[in-house]
Amino acid sequence: MSQPLTTVAGISFRQPPPLCSFLFIIVLLVATFYTLHHPDATPPHLFSPNTHNSLTLRRLFLSSASNATVSSYLHSLTRHPHLAGTKPSLDTLNYVLTHFQSLRLDDTRVVEYEALLSYPTHISVTARFSNNTTVEFDLNDDVSSSSGVVTPYHAYSPSGSAQGTVVFVNRGEERDYRALEVIGVSVRGCLVLARKGETLGRGVVVKIAETKGALGVLIYDEKDGGALGGIERGTVMRGIGDPVSPGWPGVVGGEKLSLDDDRVSRRFPKIPSLPLSLHNAEIILASLGGARAPVEWRSGRVGSSQRVGPGRVVVNMTLQGEMKMKKIHNVVATIRGSEEPDRYVILGNHRDAWTYGAVDPNSGTSALLDIGRRFSLLLESGWRPRRTILLCSWDAEEFGMIGSTEWVEEHVLNLGASAVAYLNVDCAVQGSGFFAGATPQLDSVLVDALKLVQDPDDVTLTVEETFKSQNNNIERLSRVDSDFSGFLHHAGIPSIDMYYGADYPVYHTAFDSYDWMIRNADPLFHRHVAMGGIWGLLGIILADEPVLPFDYISYAEQLQAHRDAVSKLLEGKVSVDPLSVAIQEFSLVAKEVADEAKKLKEQAYSKYDVAVAAKRRELNDRMMLAERGFLDSEGIKGKEWFKHLVYGPAAEPESKLCFFPGIADAIATNSSDGSIKHEIWRVTRAIQRASKALQGGFT
């Protein structure tokens, strides 16, 4: 006998027989009772937690990629420039927000902050040559004056004019000024012209020039957009985050310091600086007199007859700018975990750009949007991650990682208690070749993800195989050039940063456009798809694996290598024995944890057991919290906001180590043996704290 039809929203459903309804209610009640008494368990669904289904899920995620979809995202995001704090930036905000809302994830919200941003109002550079001719340089790198592209400038450079003869200072490093001293050249009372280097950021170049008595700084890049003539914009602010709310979140209506407060003013240079095109720099270089450049400087576009100045050319540089309080907007989309909703795996990318931002950052934004789309498809298929996943779109990164830093400062306690890992992609695609940096316990899970993704440039290989064949190493994250910094250096969250392509010629120029991307870096968007695959897989693995796939044996080995490098540098002048003992202890604990994890992993897919689940949760927490042990409340001397004593930015530009920043600074400044020993003990105590956190319990 057929059952009556019920119509809902125009669709007819056949009503089940009364007996079926009764049985369904009974099953539902039993399932509810079981769930309430076994909170670590979930009802069965398409992707139950076993190895076979995990692999099926990951393959489904990879197969749901779409080159055309990623391309359409990038095209939409780069239709116009979208500098943070400007009206066009709201268009990209709404685009990202609407996209995540359309996916019907558990929650999508905008988080607002107020931050001090810096913009130019007038810029000029004029040169007067020895024959009394005067040239006013064209300082724009965009063919259209109505494009909305901001004039090339250095954010937070002070307003004012500086005039004087010019001295070429090579990369602007301390050793370059020492080389000038040897040949009798001083920059005091002069403007300096520097070419972009590989080691110092523009802010440090300006800071060093300021200490040498220079009146102003001009910086050019020899790559400079290839043949396009682009000019690199950027910030020269010291430190990261909103400068008028240092150390606390710049929430709307919150405390803001005045510009004359020392905590604010010391973050800005005292002398003006500007970016210059390669063409204009060469005009100045060709006009310099004075001594001949040191031999080691005569590379690239600097000829063998190059003079360093001063004399023969006088340059006047003028910058008028304004600093404004602006609202910035982060977007945070949430996929709530089924079993551990209070543990968070965070994927982040910034959205703002100096110009069109096809590479930086919207290649990463388009990959993040596609990951969200693919996660939505998995959710519709029955998947629900064990832990909560956050997809974050940061604002105002280009001004100094402001959006992510304010968010970290606002949530630093919750992050310390609950964040599993932070996975960052800034420029997803710059060119060819995969590159990554990570905290060492994430090395193995990163390699595992690379093994599952097809290489975008060779379909017969995986990304892991090409990465290995190119002898690329996973870097360490002491640099401060993207949004992972607040998470790792301030909050102690295990982190990964990834990108395709070592470098690209249109960095921060008006030529970083969709057209440049499809003509040069990724015409068919294969690399975008590969990056999205790696990034999303890491999110799935870290959110789904019952036992966190952290490898602290790898961390111990890395610490040992760092200790050896410090010992070699010190040449026996100061003992590193405290470090050796602490690392040995850490290594023993790491091996015990690895054995424990192996046993619990074998039990993870067996029948539910309350005791096993509790042990698993407790072990995961220990592995998650161990990274926090490397934080020190006093921070790095001279950069106290940065708390991580293993990986963090050295305060001294000439520090020779890219780890143990406090030790590196003490050695670089030729500090007393006692000061170096103190820094060694600080790192020793940090490693001991990490060991205790990893071991758990109390002694």
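1. Ser118 is buried, at a relative accessible area of 5% (buried means under 20% relative accessible area, exposed over 50% and partly exposed in between, with a 1.4 Å probe and protein chains only). The residue sits in strand β3, residues 107-129 (helices, H or I of at least four residues, and strands, E of at least two, are DSSP runs numbered from the N terminus). A polar atom of the Ser118 side chain lies 2.8 Å from the backbone nitrogen of Tyr156. Leaving aside neighbours within four places in sequence, Ser118 is in contact with Tyr153, Ala155, Tyr156, Glu322, Met323 and Phe399 (contact means heavy atoms within 4.5 Å).

2. On the basis of the note: this is a predicted model, in which local features need pLDDT of at least 70 and side-chain atom pairs count only at pLDDT 80 or more, while totals for chains, interfaces and linings use all residues. Residues are numbered from 1 along each chain as its sequence is written, and side-chain values use heavy atoms, with hydrogens and water left out.

3. The protein chain has 21 helices and 16 strands. Of its 699 residues, 57% are buried. Among contacts between residues at least 6 apart in sequence, 79% join residues at least 24 apart.

4. Phe511 is found in the loop between β16 (495-500) and α15 (514-521), and is buried with a relative accessible area of 18%. Not counting residues up to four places away in sequence, Phe511 touches Asp141, Leu228, Gly229, Gly230, Val506 and Trp516.

5. Pro440 lies in the loop between β15 (434-438) and α12. At 0% relative accessibility, Pro440 counts as buried. Beyond four places in sequence, Pro440 touches Arg476, Asp551, Ser554, Tyr555, Gln558 and Tyr647.

6. Helix α17 has 19 residues and spans 27 Å from first C-alpha to last, close to the 27 Å expected at 1.5 Å a residue (the expected span is 1.5 Å times one less than the number of residues). At the start of α17, a side-chain oxygen of Asp551 reaches to within 3.1 Å of the backbone nitrogen of Ile553. Just after the helix, Glu571 takes a positive phi of about 55°.

7. Which residues of α17 are buried? They are Tyr552, Ser554, Tyr555, Ala556, Gln558, Leu559, His562, Arg563, Val566 and Leu570. Their cover includes α12, α18, α19 (610-625), α20 (661-668) and α21 (673-695).

8. The second largest pocket has a volume of about 560 Å³ (a pocket is an open set of points on a 1 Å grid over the protein atoms alone, where a 1.4 Å probe fits, with protein on both sides within 12 Å along at least five of seven lines; lining residues have an atom within 4 Å of a point). The pocket is lined by 25 residues, of which Asp448, Val547, Leu548, Pro549 and Lys601 lie nearest its centre. Elements giving two or more residues to the lining are α2 (51-63), α12 (443-452), α17 (552-570) and α18 (577-603). The largest share, six residues, comes from α18.

Notes. Points joined across faces, edges and corners; volume = space filled by probe spheres on them. Polar contact = N/O pair within 3.5 Å; in protein donor to acceptor, adjacent residues only side chain to side chain.
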